[in-house]
Amino acid sequence: MLFEIVHSTDYRYSAPSSEAYLEVRLSPPARPGLEVVSHEIDISPEARTSSYVDYFGNLTTFYSMTLRHDRLTVTNRLTVRNHPRTCPKQALATSIAESRQIFSSALPDVFDFLQPTAAVPTGGTATEWARRYLKGDRPLGEALEQLNRAVYERFAYRPGSTDVNTPLAIVWKKREGVCQDFAHVLLSILRTGGIPARYVCGYIESEPPSVETSGGRRLVGSLATHAWVEVLVPGLEWVAMDPTNNQWCGQQHVAVAVGRDFDEAAPVRGTFKGSGKQTMKVRVSMKRLAEKG
Amino acid sequence: MRSSGRATDFPLWNETFAEDGSPRGGYRPLFERLHSMPRSRVRSLDERLEATMREMGVTFDVSRERPWGSRPWFCDLMPQIFTAEEWETISAGLCQRLRAFEFFLRDVYSGKSILREEQVPIQPVLGSPFFQRAASGLPAPGGAYLHLSGAAICRLPDGSLAVKHHYFSNASGISYMMQNRRALARVIPQSFHESAIHPISDAPIDILEMLRSLSGVSDPAVVLLTPGPGSAVFSEHSFLARRMGIPLVQGGDLLVLNDAVYLKTVSGLQRVEIIYTRVSDPWLDPMVFRRDSLLGVPGLVHCIRKGTVMVVNGIGSQLADDRSLLPLAPQIIRYYLGERPILKTLPTFWLGDLDQKEMVLSDVSDYTIRPLYGERIVLGGDGRRPDAKQIDAALAEILPNASQFVAQPQACDALTVSFGNGKPTLRRQDHIVFAWRVGEGDYEVFPGALTRISTEQSPYTASELGGGSKDTWVYVGFENDPELPDAPRAQDAILPAQHVTSRVAESFYWLGRYLERASNVAGMVGIIELLELEELNPTERTHYRPVWNTILPPLEGTGTGSRRTISSPVGRYRLTLDTAEPGSVVSTILRAAANAESVTEALSLEAWGVISQLRDRFRSTRFQPHAEPETLAAASRRLCDFARQLIPQFFGTAEYTMVADGGWKFCEIGQMIERAAITANAVSSIVKPLLEPDDESDHAMEIRLSAFLRLLNSRDVYRRVYQARIEPVPLLDLLWKNPMAPRSVVRCLLGCSQRLTESSGSASPAVERSVAAIDSLVHAIQSTDWEGLLPVPGADKPKKSPLAAHCESLLERVLSIHDLVSDGFLNHQVHMRHEIQPPLPGLKNAL
């Protein structure tokens, strides 16, 4: 499937800012099945940018603006072709106990994705869930699918019910949230259960051009960025699943940044100096293009 | 000599006395000297030592509530002595550890071989809160993480030396080590001449040379980054920067532009190549670490990554100081060096490990329990067995987060004799020793230490917990020739003038503006109170009132703020002492004092003394607006008079005692701009009611003009200049353009441009721009024909009077001088627009 995506982040200040710095993680990572046809990041006001690859492998753009300005806009324009993914059947057929064994032999490399972070604490209620859904003798793939469904079913998707600072404990208690919270809940259970997993920030096609092609469902997400989870499976390959939409990620998901949690995978992170207040608006549009020929 | 009452519940090594009660080797001559003196003489030496510390400005602030500099550093009369043999062990042991931990850090932030080979457990290393993922793949300064490090050393009960804590990432305390030596050398100089000990006064030079050698640039710019005067050890930061001759900067002084770090100074942006940081990793860059940090420099880590700047010690070094890694030190030394550890490690138990936790909890009163980093103590640490209540409280904190704590036996540290207050008393002690990196891969230890002792006020040795200290002597061995002793007075390096940072200049600028504003408001309130005492006839009164109400408060912007009624004593009292009134004398003075406080390192002690006296007087006066009117009037008068005396006194004192560099200059520029703005604002606001009144009585006009001049403290000046009755045109001339009248707008503006030009030898675009703008404004004022602007009697009045319009346009231009100064010298908008090459196109990567 061919997609054209425009993602804009617009900061406005009540009083001009004298210095602003941004780190932008908006470049789709190289991965099988995802073909980047064109990509550009525009930041206004214009200034020199430079980039680097961060700890989690995200191509990150650094921007500094030291002249007075009252508005700052980041626009990500992306055309990608997403091919169907092959599922690592053999890895998913491995039992959870054996998977854990494999991970522990690669501990220095997978350690980060087993640890709690400030946004994703482990233990607590997650322990019961991990015990129930991640039993040692179960095949990994089946267990993951069941766990993903359980999160989808037992938590209510309610836009506006949480914000970026809502602690996970509140989400557990209220059993509602947005895609970010669904991803954090799933991460917390997986890590508690000894399965390495990471957070993905990206785009989702929520309104397919015709109902038939998407299997008759509209997907939740869009207007802003979407979030889901990638699980490490034996063979140290990442497999993506979307608890907000109860499915393995497919051609309608386009990843741009990964990390251990929302904070590390934030697509735009900035800091400003100025006396005024700042407001931010995010808008994402994702359109399917017809393939020529 | 034994102290009455035991100093501890644990068996500790005695540093100063042998089993038989006789002084150990090196201490004998000192004891003999101190014992031969009468007690009163010892006490007076002790007092002199304390006074010396105070005079040198050495402080260590443990309490946040107390203002800056309130707690002088305590140094004991009796030094700690290390023999040459003991020192050999300490020195070799510390260098060995630093070499091993340097390899450890490089490994953990790259290939992680020690973890892959399972030589140490992964959890405490990669799970440490001090393991910085951002440090992976980041170039370490000069290829190494650790360049200037410290470690705490203690004695085990058998007298052997052991490492208690690592301060590898942050060697805090070097200045205190040096200041102890300076102070003791002043108070008991003869003892130094009799003992062959190593000098330590070159430490800052050694550090500076080490820092400079890291860069490939021939003359790299080095700065010391401090969290600011809010830090307990700010006095150390400012001492080290002064001694090294490098700028002491805060995060806000630095700026990232085109992937390089710049220091904002009043003469423009200066590239910075090396940063010696005393701000720890989590606060260093809000883009990478804590987002709420205001102490750091956004984008700094990116500049390190791009190789344009080095930050010492390397980011991520704090991992080496995580106490849960202490028990792993022997493995780490063996793994990387293949050597046996020279120095023992004080037994340390990480409570994140179940077995270790169980062991500690079974005898918890034997232990000192601390977090993984920092000086806070949760249990023990005072040499006493805790009672059940203390244990319960500590466990309530520890058990839910056990992995964040370690335990070490209380039976460490040594007993020593302290002569605080002239009386020998037994205290507990430990030592912090310091080392710096030399050449490729080795370290050298400064031959001295910060010996920390418990005191009468604090049972803890840590300075953060109120402990005291001792000068520490390292004896030169027999085979070595004695070196020259440390001079009691050493010269600070001389800073080149261009190092005045924009932040310092900005604080000075606002200090000047706020003080001038406070002085004006206080002057007006004072004069009104005085007039109220005088017998005014009702006509005079009716003519005075509108004048007061129009020009008070003289806020800097036009038309801002509400007009207060200051015709009542309570209104004037509020304008003097109400902290809820943003324009009140007290609010303005507190803001001035806050600015002064942020640049205390650049203010003379005398000038700071005046400011703190002013602030304290206003702070300590209780705000009681419901008292009798007479009481309120008297209080307003008293306080306003006080402000009117102290503010000029501050400027006078500062002129006498301050280096006339760019920083101070901005205080005067602020004062001038504020005064010009107040004059211009006052004149503009009275033009309509005063000079174009509806009734044309000359007498009424003169009363009004006289009142107006009195409020601006200019009636006597007017009389001296004109020796005639007060009339509109001469008044306008006097206040706008008279070059001699102290508050005329022209005089203030010329004062500004003179100060802007005098310091900068080379004309910068910012200076040129500001001076040109001021010149043109001065010309516009001087060429104004006031007579021609006055209304013609009998003629029809135009809707908008030409005089008022002209005054307002001049006022606007006066106020815009602030933006020029601000953009040109303080926030560098002018400079950057000038310097920046046409911006490159944003990242457009077709992948």
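Predicted model: local features only at pLDDT ≥ 70, side-chain atom pairs only at ≥ 80, totals over all residues.
In which loop of chain B is the place of B:Asn313? B:Asn313 lies in the loop between strand 11 (310-312) and helix 12 of chain B. The peptide bond that joins B:Val312 and B:Asn313 is cis, with omega about -5°. Most peptide bonds are trans. Chain A also has a cis peptide bond, from A:Ser44 to A:Pro45, with omega near 0°. A:Pro45 likewise sits in a loop, between strand 2 (34-44) and strand 3 (49-53) of chain A.

The overall make-up of chain B may be considered next. Chain B has 847 residues, of which 49% count as buried, and it contains 29 helices and 20 strands. Among its contacts between residues at least 6 apart in sequence, 72% join residues at least 24 apart.

Two packed helices are described by the angle between their axes and the distance between the axes. The axes of helix 3 (residues 84-108) and helix 12 (residues 329-337) of chain B come within 9 Å and cross at roughly 75°; helix 3 and helix 12 of chain B are therefore roughly perpendicular to each other. On the side of helix 3 of chain B, the contact includes B:Phe101, B:Phe103 and B:Phe104, while helix 12 of chain B contributes residues including B:Ile332, B:Ile333 and B:Tyr336. By class, the residues of this contact are nine nonpolar, one polar and two charged.

The strands of chain B come next. Strand 3 (residues 148-155) of chain B is mostly covered, with eight of its eight residues buried. In a regular strand the side chains alternate between the two faces of the sheet. Both faces of strand 3 of chain B are covered: B:Leu148, B:Gly150, B:Ala152 and B:Cys154 are buried on one side, and B:Ser149, B:Ala151, B:Ile153 and B:Arg155 on the other. Strand 3 of chain B runs antiparallel to strand 17 (residues 425-438) of chain B, to which six bridges join it; here B:Ala152 stands opposite B:Ile432. Strand 3 of chain B also pairs in the antiparallel sense with strand 4 (residues 161-167) of chain B, over six bridges, and B:Ala151 has B:His166 as its bridge partner in strand 4. Strand 3 and strand 4 of chain B form a hairpin with five residues between the strands, in which B:Gly159 takes a positive phi near 95°.

Chain B also holds an open sheet of three strands in the order 7-8-9, with antiparallel pairing. Strand 7 and strand 9 (268-271) of chain B stand at the edges with a single partner strand each, so one side of each is left without a neighbour in the sheet. Neighbouring strands of this sheet are turned by 40° against each other on average, direction ignored. Strand 8 (residues 260-265) of chain B is joined to strand 9 of chain B by four bridges, and B:Leu263 has B:Gln270 in strand 9 as its bridge partner.

Beyond helix 4 of chain B, B:Glu118 is found in the loop between helix 4 and helix 5 (123-126). The phi of B:Glu118 is near 55°, a positive value in a residue other than glycine. B:Glu118 is exposed, with 10 other C-beta atoms within 10 Å.

In chain A, helix 2 (residues 96-105) has A:Ile96, A:Ser99 and A:Phe103 among its residues, and these three are buried. Seen down the axis of helix 2 of chain A, its buried residues fall within an arc of 55°, so they line one face of the helix. They pack against helix 3 (107-110) and helix 5 (140-154) of chain A. On the other side of helix 2 of chain A, A:Ser104 and A:Ser105 are exposed.

Methods: Residues numbered from 1 in each chain as written. Chains lettered and ligands numbered in written order. Pairing = 2+ DSSP bridges. Helix = DSSP H or I, 4+ residues; strand = E, 2+ residues; numbered from the N terminus. Axes fitted to C-alpha atoms, helices over the stretch in contact; angles between N-to-C directions. Buried ≥ 20, exposed ≤ 12 C-beta atoms within 10 Å, placed from the backbone. Contact = placed C-beta atoms within 7 Å. Arc of directions from axis to C-beta. Parallel < 35°, antiparallel > 145°, perpendicular 65-115°, else oblique. Nonpolar A, V, L, I, M, F, W, Y, C, P; charged D, E, K, R; others polar.
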